[in-house]
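Trainee: Could you take me closely through one part of this model, the sheet and what packs on it, and state the cut-offs as you go?

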Amino acid sequence: MALHRTQCLLLLLVLTLLGLGLVQPSYGQNQMYQRFLRQHVDPQDTGGNDNYCNLMMQRRKMTSRQCKHFNTFIHEDIWNIRGICSTTNIQCKNGRMNCHEGVVKVTDCRETGGSRFPNCRYRASTSTRRVVIACEGNPEVPVHFDR
């Protein structure tokens with residue numbers, strides 16, 4: 001009886017792991033998803049000040065070759081962000097219909113006027129606001145911060 005139960009649980013585990021493997025994003029989508037995570041997701045922090053932006057823009061490699069002029073960090077759990085992908089499709093800035101919107105906590109980092117590479121400097125602005133992200137794949141994952 002115990003052996004049969006163990007075999008059933010093992011079979012269920014194997015099938016679950018196989019199922020998870022079958023719904024992973026494709027290689028290209030996975031790269032775009034990983035880039036989205038690197039550039040836009042920081043669930044552990046609430047952001048808030050200029051030092052946060054200066055540090056995060058450098059850590060996340062957005063000041064390696066030039067100063068990125070503007071970037072938004074989302075302060076939500078990745079599953080909350082991925083949940084936005086299940087909302088109604090809307091039009092992206094590029095005209096495609098793979099964008100979705102949701103309301104999240106963010107820090108916007110804007111390059112200051114006197115900032116010059118390699119000494120990139122940023123102004124922070126925090127808020128809870130509507131964002132639009134592009135999603136792709138099956139299951140859909142965020143791949144681009146639209147606005």
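Mentor: Helix α3 (residues 50-59) lies across β1, β2 and β3 (122-136) and runs at about 50° to β3, where contact means heavy atoms within 4.5 Å, axes are lines fitted to C-alpha atoms, for helices over the stretch in contact, and angles run from 0 to 180 degrees between N-to-C directions. Helices (H or I, at least four residues) and strands (E, at least two) are DSSP runs, numbered from the N terminus. This is a predicted model, in which local features need pLDDT of at least 70 and side-chain atom pairs count only at pLDDT 80 or more, while totals for chains, interfaces and linings use all residues. Residues are numbered from 1 along each chain as its sequence is written, and side-chain values use heavy atoms, with hydrogens and water left out.

The sheet itself is open, with four strands in the order β1-β2-β3-β4 and antiparallel pairing, two strands being paired if DSSP finds at least two bridges between them. β1 (70-74) and β4 (141-145) stand at the edges with a single partner strand each, so one side of each has no neighbour in the sheet. Neighbouring strands are turned by 45° against each other on average, direction ignored. β1 pairs with β2 (residues 99-111) over five bridges, and phenylalanine 73 stands opposite threonine 107 in β2.

Rings of Phe, Tyr and Trp (its six-membered ring) pair if their centres lie within 6.5 Å, with planes under 30 degrees apart stacked, over 60 edge-to-face and the rest tilted; the count comes to one aromatic pair. The rings of tyrosine 52 and phenylalanine 73 have centres 5.8 Å apart and planes at 80°, so the pair is edge-to-face. Because tyrosine 52 lies in helix α3 and phenylalanine 73 in strand β1, the pair ties together parts 21 residues apart in sequence.
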